[in-house]
Amino acid sequence: MIRDLSMPIYEVMSTLRAVRRLKTDPIPDAVLNRILQAAAWAPSGGNTQPWRIVTVRDSAIRRRVGELYRPQWQAYGAQARQNLAQLTGDARAKQERMLDACDYLGEHMGDAPVLLVFCFNPDLMAITDADLGRPSVVGGGSVYPAVQNAMLACVNEGVGCTLTTLLCFAEDALRSLLEIPQGWYTCAVMPLGYPVLGGHGPISRRPVEKLCYADTFGSRLDLDAISAST
Ligand SMILES: Cc1cc2nc3c(=O)[nH]c(=O)nc-3n(C[C@H](O)[C@H](O)[C@H](O)COP(=O)(O)O)c2cc1C
């Protein structure tokens, strides 16, 4: 067991936000080990744990991953900036700040001291919604809890992190760079590093009553308000 290192869990959950400006300082092995252990504790369908993490610390490989990410972000970010035109006031300013941070990560992904590349193997998954004629998400449920556990551990450790998925567009290049075998695919790349600015902190999310219903979809759920809700 890992003891006496923990922030209160609700504080961890409610301050997990994307931290995209990261220092180049190394992450101590003991800290990285706890983050990876948290991932390994995650549940998965049938407990098959159909995921692996390639922990990239080699600077040349990190730089190459960063070079693969940059054009993906540039293309996505250009579209996102166009969509800004529909926003005004605070909402626009907030979105602009986020895009500035995304631009920074787009340029500096390879400078983060650690990149966690999450891989998965669908042959090891029971994907119960595979044939329903709609986008399948159940398989991801055996991988993203590990991603989330790693991020929660990062908050606890004061390590900045962001879940990124744009590198799926460059999966073939990532596969050959990291020697990922056939049958395994990628679903997230998470840069880790100590934060340049404030790090994890307050988040902006919809209130519970907008997201959760009573008994039937859309029916209002009346619960006592949680004073700490964001
Ligand atoms: C499935 C998923 C994919 C994401 N992909 C990216 C990404 O490719 N690049 C990036 O900078 N952020 C990415 N993010 C981070 C989100 O943009 C971020 O969590 C969201 O805007 C909320 O911001 P906050 O977590 O800072 O509150 C992703 C998050 C999720 C959950």
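Here is a short tour of the ligand and its pocket.

This is a predicted model, in which local features need pLDDT of at least 70 and side-chain atom pairs count only at pLDDT 80 or more, while totals for chains, interfaces and linings use all residues. Residues are numbered from 1 along each chain as its sequence is written, and side-chain values use heavy atoms, with hydrogens and water left out.

| Residue | Distance from its backbone N or O atom to a ligand oxygen atom |
|---|---|
| A18 | 2.9 Å |
| T165 | 3.1 Å |
| L166 | 3.4 Å |

Taken alone, the ligand exposes 620 Å², and the protein buries 62% of that (Shrake-Rupley method, 1.4 Å probe).

Now for the pocket. The ligand sits in the largest one (more than half of its atoms lie within 2 Å of the pocket's grid points). A pocket here is an open set of points on a 1 Å grid over the protein atoms alone, where a 1.4 Å probe fits, with protein on both sides within 12 Å along at least five of seven lines; lining residues have an atom within 4 Å of a point. The lining of the largest pocket counts 36 residues, with R17, A18, V19, R20 and M98 nearest its centre. Again α4 supplies the largest share, 8 residues.

Methods: Polar contact = N/O pair within 3.5 Å; in protein donor to acceptor, adjacent residues only side chain to side chain. Helix = DSSP H or I, 4+ residues; strand = E, 2+ residues; numbered from the N terminus.
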